[in-house]
Amino acid sequence: MGIEARVSRKVDRLRSRPWPAIEREVADKRVAWFRRERGRLGLGPQPTPRQAFETVFLDYMGLGRKDLEIVSESDDEIVWLSRNPCPTLDACAEGGWDTRHVCRAVYEKPTQTLVSCLDPRLRFLRDYGEVRPHAAGCRERIVRVDFERFMAVALEEAEQSRREGNKGYGAVVVLGREVLSRAHDTAVVERDPSRHAEVNAIRRAVRVAGDANLCGTMMFSTCEPCPMCASLAVWANVTTLVFGASIAETAVLGRTRIGIGARDVADRAPGLIEVIGGVSAEACLRLYR
């Protein structure tokens with residue numbers, strides 16, 4: 001299909017379909033491609049950011065190296081500027097949409113979905129201060145995130161919670177390898193049942209970001225977020241939830257929990273939200289024994 005036909009098709013879809021539905025369709029298509037091509041790709045269990053970049057943008061998207069200028073590269077990060085012919089860019093120009101809004105709402109999370117098929121510790125991030133046509137190129141990167149490092153921060157918050165007389169939960173909101181916020185539950189001392197660790201962390205993160213849309217972020221929680229907290233993460237458009245101990249595990253230990261898991265909430269959410277459990281699980285479970 002030529003680029004003009006692809007642009008026309010994108011314009012029609014963006015005008016006629018709910019954007020969350022398009023987001024899910026794009027993600028499903030990318031996952032299906034990965035499953036078909038996994039054997040041919042020959043990637044190991046821990047591909048590098050460079051390998052993820054080449055798989056997603058050169059192999060799957062079919063872009064040319066000359067259109068993707070590598071700005072910097074290390075073992076844990078690759079940064080580039082995209083200047084390729086782009087149907088989405090042209091469709092936004094034709095339809096009168098802002099590319100910063102369309103790319104964030106429709107295409108960023110499906111790209112992360114494909115990257116997560118390779119390794120969920122690799123994160124795709126786009127700098128929305130440098131997106132065409134507002135810049136000469138789109139600045140994008142893939143970074144490797146140390147899950148255990150950020151869960152350790154959440155564990156510190158949980159210990160602080162217990163020292164203060166609360167229930168011992170911690171949460172951290174992260175963008176790439178940067179902590180936007182860290183918090184613990186304060187429901188007991190503040191006499192406010194809504195003050196879960198995740199609620200406090202998200203509220204702080206949106207203040208730091210200056211934006212209620214936390215697309216691109218990950219939230220690390222010592223315990224699987226309850227339905228209230230998981231739903232707030234959906235409304236804040238958090239990209240990924242990472243937790244240590246599960247709702248089921250802590251219920252067995254005597255914690256009062258609503259038996260609706262974060263994945264149940266994610267499956268019913270209007271947009272995509274990734275859920276990863278069992279990170280530093282034993283250390284997290286020790287909090288609740």
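Before you click: residues count from 1 along each chain as its sequence is written, and side-chain values use heavy atoms, without hydrogens or water. Because the model is predicted, local features need pLDDT of at least 70 and side-chain atom pairs pLDDT 80 or more, while totals for chains, interfaces and linings use all residues.

**Stop one.** There are 10 aromatic pairs here, counting Phe, Tyr and Trp rings (the six-membered one for Trp) with centres within 6.5 Å; planes under 30 degrees apart are stacked, over 60 edge-to-face, and the rest tilted. Select Phe53 and Trp80: with centres 4.7 Å apart and planes at 50°, the pair is tilted. Phe53 belongs to helix α3 (residues 49–60) and Trp80 to strand β2 (residues 77–82), so the pair joins distant parts of the chain, 27 residues apart. Helices are DSSP runs of H or I with at least four residues, strands runs of E with at least two, numbered from the N terminus. Phe53 is buried at 2% relative accessibility and Trp80 at 0%; buried means under 20%, exposed over 50% and partly exposed in between, with a 1.4 Å probe and protein chains only.

**Stop two.** Now pick Phe150 and Phe220, another tilted pair, with centres 5.6 Å apart and planes at 40°. They link helix α6 (residues 147–164) to strand β7 (residues 217–223), 70 residues apart. Phe150 is buried at 0%, and Phe220 is buried at 0% too.

**Last stop.** Show Arg104 and Tyr128. The arginine's charged end sits over the tyrosine ring, 5.5 Å from its centre (NZ of Lys or CZ of Arg within 6 Å of the ring centre and within 35 degrees of the ring normal).
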